[in-house]
Structure formats: C-alpha cells, structure tokens
Amino acid sequence: MKTVWSKILVMSVALTQVFGLNPLGAAATVALVVPERDPLDYRAARIRLAGHTEPGNQVFVNGKPVKVYPTGAFVDLCSLEVGANTIIIEASSTVGAASTSLRVHRLPPLQSTPGDVLAIEDALMLPEQDLDLLPGDLLEVRFKGTPGGQAFFSVGEAMERIRMTETPARSDGDLRGIYTGVHRLRPSDQLSRQPIRFHLEVPGLGEMEKSSQSLLSVQSLRWPRTGEVISPDAYLAAGLGDGRLGGALLGIVPLGTRLELTGRVGDLYRVQLSPVKSAWIAKEAIKPMPLGSPPPRSLVGSATLQGNHRRDTYMVPLEVRLPYTLEPMMEPPRLVLDLYGATSNLTWITQHLSAEMIQRVSWEQVEDGRLRFRFDLKEPPVWGYSASYEGDSNRLVVTVRRPPTLATPPASPLQGLTLALDAGHGGTNRGALGSLGTLEKEVNLHITKRLASLLQARGGKPILTRQADESLDNAQRVLDAIDADADFFVSIHANSVGLSVDAARSRGTSTYYRHEPFRALSLSLYRSLLQLGLAPYGNIGSFNAAVLKRPDIP
Ligand SMILES: [Zn+2]
C-alpha cells in the first residue's frame with residue numbers, strides 16, 4: 001500500500017511541476033520551442049529562446065521577466081557563462097506555475113596560447129581543406145601557437161623551412177601567436193597529397209612540429225583538365241564563398257557545358273574562364289573527362305537575330321557548349337554576353353525585322369578566348385532574359401522576353417497575367433520555427449493559397465509550385481514557372497532570426513531580388529507592403545537564393 005501511495009505522491013509532484021496544477025484546478029504550462037536541442041553546444045555569449053505559455057501569463061527566464069506576446073508566445077535573449085549553463089524558464093498565472101529548463105554548454109571563446117606552453121594548435125589552421133594547386137598559385141598557410149617564437153613551414157621535400165611571420169597584436173583583445181606564411185608555387189614544387197608541416201621554435205621552451213590535416217597536391221601533369229557539367233542546376237561562383245548561400249553567383253552553366261579545370265579547393269573546382277578570369281564550381285556538378293580531352297574552345301562564325309510575340313532570340317552556333325556570363329546594364333538598358341573559349345570568326349549575322357526588344361547587337365574580341373556580345377535593348381522594363389543551349393544542340397540562344405500587355409482600366413491590370421506563386425519550403429524542408437511551434441512551410445502555404453484566391457478574383461491566373469506539404473527542389477520550382485511561361489515568380493517566406501539575435505528587436509517585412517533589372521519590381525512590392533503598416537526590414541539585393549538565380553522571369 002505504502003508504495004502505491006508514494007508513487008501517487010511522486011506523480012502529483014511531477015504533474016505540479018509540468019502543468020502547474022493547483023487546488024482550484026487552473027493551470028499554467030510552458031513549452032520551449034527554440035532552441036530545439038537540449039543539451040546544446042554553443043559558441044556565442046547570448047542565446048535566443050522562444051516558446052509559449054497561456055495568454056496573459058508571466059514568463060521568467062532565470063528569475064528575470066521576459067516579453068510575452070498576446071498569443072502567449074515569449075522570446076528572450078539569454079546571457080551565458082562559459083561552460084555549463086542551466087536555464088530555468090518559469091511561467092505563472094494568477095493561480096498556477098510551471099517550469100522547464102535547458103542545458104547549454106557554452107564553448108570558450110578562442111584565446112591566445114599561453115606564452116609558457118609550447119604549442120601549435122588545430123584552431124585557425126590554414127589550409128582548412130585539401131588543395132590541388134598549380135605552379136604560379138599562391139599557397140597561404142597559418143597556424144595559432146605560442147607567441148614570441150620563430151615559425152617555418154615545409155611541404156614534401158620540395159618546400160623546406162619557408163619563413164612565417166607572427167601577426168602583431170594591435171590591441172589587448174587581439175589573439176597573439178598567429179603565424180602566417182605564403183609561397184608562390186614554383187614548377188619544381190611537384191608533390192602529391194602532402195600535409196603542411198609547421199615548425200615553431202620558442203626561446204626557452206624549445207621547438208616542435210605539427211602537420212596539417214589537409215593535404216596539398218601540386219601536379220602540373222594532371223592539370224588543366226576538361227570537365228563536363230552533369231548537374232541541371234550548376235552555377236559558377238565568383239569566389240570560394242562561405243555561409244549557407246555559397247559563393248556569389250557569377251553565372252549559370254547548363255548541362256553538358258565543357259569547363260577547363262585548373263585546380264581544386266576542398267569540394268570546389270577552379271574553372272579557368274579566360275587567361276585572367278577564374279571561377280569556382282561544386283565538384284559534384286562536374287564529371288572530369290579523360291586527361292588529354294580537348295579544352296573547351298570554339299570558333300564563332302555566324303549568328304541570327306529574330307523575334308516572336310513573346311520574345312526575341314539571338315542564336316549563336318558553337319562547336320561545343322562553352323561557359324558564359326550574361327550581365328545586364330541599366331542605363332542605357334543592355335545585356336553583355338561573354339563567351340569563354342570563343343574566338344570570333346563572325347562573317348555572317350542575319351537580322352530579322354521580327355526582333356523588337358533587341359535593337360542592336362555588336363561584338364568584340366575582348367581578349368584571347370573571350371568573345372563579347374553587346375545587346376542594346378528597348379527601354380525598360382526588361383521582363384526576363386536568359387542564355388541557354390537549345391535542346392541537345394550546341395546552339396547558344398540568348399532570349400529577351402517582351403513585357404506582357406497589361407489590360408487597360410476599367411479592367412484590372414492583373415487580367416490575364418500568369419503569376420507563379422511559390423510557398424517556400426515544404427515536406428522535409430520545414431523552414432523557420434515560430435514561438436508557438438508553428439512551421440514556416442505551413443504559414444507560407446496558407447498565405448500563398450490566400451494570395452492565389454485574391455489574385456484570381458482580380459482576373460489573374462495564379463499557378464502554385466506546391467499545393468500541399470511536399471518536398472520540392474528549389475531550382476525546379478523556378479524551372480516549372482519558366483515552362484509555364486509565367487509573367488511573375490514570387491516565393492513567399494516567413495523568416496526567423498539566428499540563434500544569437502534578439503528576436504524582440506527583429507521585425508519587419510522585406511523583399512528580395514538577385515538581378516538588377518528586377519530591382520524596380522522588388523522595390524515596388526516593398527513599398528506596397530510598408531503601406532500596410534508593416535515595419536521596414538529592407539529591400540535585399542544580390543540575394544543568392546536558389547529560386548532567384550535565373551533571370552528568365554521577374
Ligand atoms: Zn523561408
């Protein structure tokens with residue numbers, strides 16, 4: 001008997017803790033939604049908390065009251081000590097209370113290596129990734145270790161004891177003991193998959209050596225090599241980039257495009273576009289061709305300009321699929337196409353009177369292996385443009401869309417327009433998480449369906465990239481809209497802030513675009529959103545999201 005009663009007693013204590021039951025039966029509950037992991041390893045000094053309780057309750061984080069919204073959602077930015085932290089979150093109503101907790105282990109900020117300990121640390125070591133470089137490339141290395149020493153690096157047998165320099169600390173807070181070294185690779189520096197060996201000598205402490213995890217190869221006979229694009233949504237990045245959106249978009253490269261590869265950093269190949277211009281592409285997007293395959297080169301002998309009621313096209317037959325960049329200029333409106341690996345042999349350019357948007361085309365051999373076409377366009381608005389290869393052919397087609405004809409009053413200007421609406425995320429891609437546990441993918445779909453019915457009521461033809469909770473490839477969403485010949489593409493999102501950002505201070509609406517000709521549209525949407533009384537967050541340009549990479553559609 002006694003055991004049963006003690007169990008009931010334990011249970012009632014547990015219930016009181018979780019649900020805040022009190023003698024009158026009223027309850028307060030508290031749920032922490034963000035962060036999702038407990039325990040959590042974390043670096044920053046403050047962490048964002050988000051969760052919910054019953055509307056009207058008070059919430060305390062480690063005893064301090066925090067902001068509770070009318071829905072019962074609460075947010076806080078909680079300070080952390082270095083090491084173990086237990087954060088207690090309590091909710092209380094007039095009659096009940098409940099609590100939950102979160103364990104966060106805050107990793108210590110990077111500190112200078114003590115001057116009395118001989119050490120070469122793994123932190124901040126460069127290179128971080130395996131490198132395939134060529135003579136002429138600059139090798140940059142770095143390590144963090146005991147300050148006040150003399151450092152050298154060696155690689156294989158070719159590079160011996162190259163002097164490194166300790167970066168002078170400019171203020172007390174700066175890290176000390178950061179040693180850097182550079183070496184312009186020479187033709188004799190040939191080696192395969194060797195670590196960088198760092199060597200440090202500190203007076204009074206002795207000397208030590210440590211090798212990098214990453215490996216360096218310099219193999220002149222393995223590069224350049226030709227690779228072929230095997231991914232349908234491959235793109236060239238201007239640099240190595242960092243962060244979730246990758247390097248800045250330089251251009252799209254269609255399937256089957258041949259590229260000259262001249263090295264590798266981690267998971268990216270370096271692409272040599274011209275003697276002085278290189279770019280980067282994901283290794284997984286490329287199938288290297290056998291050594292000795294011809295580099296991507298083509299003579300360009302003819303071109304044809306023509307138009308129809310939807311678009312103008314400029315066709316350039318090539319011998320192989322070459323990489324290119326297509327950049328818009330605003331005033332006067334024009335497009336600049338740079339074809340890499342191309343040499344002009346242009347002796348015949350046919351121009352049909354059916355072209356309307358492209359008013360004039362001129363070409364220039366800018367440098368060896370870079371042929372430039374300049375397209376002078378009719379006044380804005382530019383309603384989408386693109387360059388791609390036609391079918392399975394090597395015929396490059398530059399397309400400039402004509403703006404849709406807008407209905408005149410009293411008809412709605414939306415009459416007859418096809419509007420592609422994309423509810424961001426979906427399926428396994430949940431998107432952001434709200435304080436009430438709401439999923440962004442659901443909010444987006446709800447808003448998108450509502451918008452579709454409003455647009456339809458005004459004569460527009462909305463098409464949705466997804467109607468339900470399904471996983472969709474981001475690049476494919478846009479391709480579907482382009483295939484449907486949509487006049488607009490809008491992707492709808494409900495953003496969240498990072499884990500170290502104060503959610504109570506972050507608010508507002510924002511619009512996004514990637515390509516400059518669509519700035520005016522993005523800005524106009526933004527202004528309209530602000531007129532609804534929403535707080536301003538900004539109109540974001542050069543945004544590298546997958547759904548904005550293609551300039552085919554505004
Ligand atoms: Zn989103």
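Helix H4 (residues 519-531) has 13 residues which, at 1.5 Å a residue, should span 18 Å, and its end C-alpha atoms are 18 Å apart, in agreement with that expectation. The expected span is 1.5 Å times one less than the number of residues. Helices here are DSSP runs of H or I with at least four residues, strands are runs of E with at least two, and both are numbered from the N terminus. The model is a predicted one, in which local features need pLDDT of at least 70 and side-chain atom pairs count only at pLDDT 80 or more, while totals for chains, interfaces and linings use all residues. Residues are numbered from 1 along each chain as its sequence is written, and side-chain values use heavy atoms, with hydrogens and water left out.

Within H4, Ser522, Leu523 and Tyr526 are buried, where buried means under 20% relative accessible area, exposed over 50% and partly exposed in between (1.4 Å probe, protein chains only). These residues cover an arc of only 95 degrees around the axis and therefore lie on the same side of H4; the arc is that of the directions from the helix axis to the C-beta atoms. An α-helix has 3.6 residues a turn, so residues three or four places apart point the same way. On the other side of H4, Ala520, Arg527 and Gln531 are exposed. The cover over the buried residues of H4 includes strand S36 (509-512) and strand S37 (536-540). Gly533 follows H4 and has a positive phi, near 95 degrees.

The zinc ion is coordinated at 2.1 to 2.2 Å by the residues tabulated below. Donors are N, O and S atoms within 2.8 Å of the metal (3.2 Å for Na, K and Ca); water is not among the atoms, so sites may look incomplete.

| Donor residue | Donor atom |
|---|---|
| His425 | NE2 |
| Glu440 | OE |
| His493 | ND1 |

The donor residues are spaced H-x14-E-x52-H in sequence. His425 lies in the loop between strand S33 (418-423) and helix H2 (440-457), and Glu440 lies in helix H2, 15 residues apart. Both His425 and Glu440 are buried.

Arg477 belongs to helix H3 (residues 474-483) and is buried, with a relative accessible area of 1%. Its side chain forms a polar contact of 3.2 Å with that of Asn474. A polar contact is a pair of N or O atoms within 3.5 Å; within protein, one must be able to donate a hydrogen and the other to accept it, and residues adjacent in sequence count only if both atoms are side-chain atoms. Not counting residues up to four places away in sequence, the residues that Arg477 touches (heavy atoms within 4.5 Å) include the zinc donor His425.
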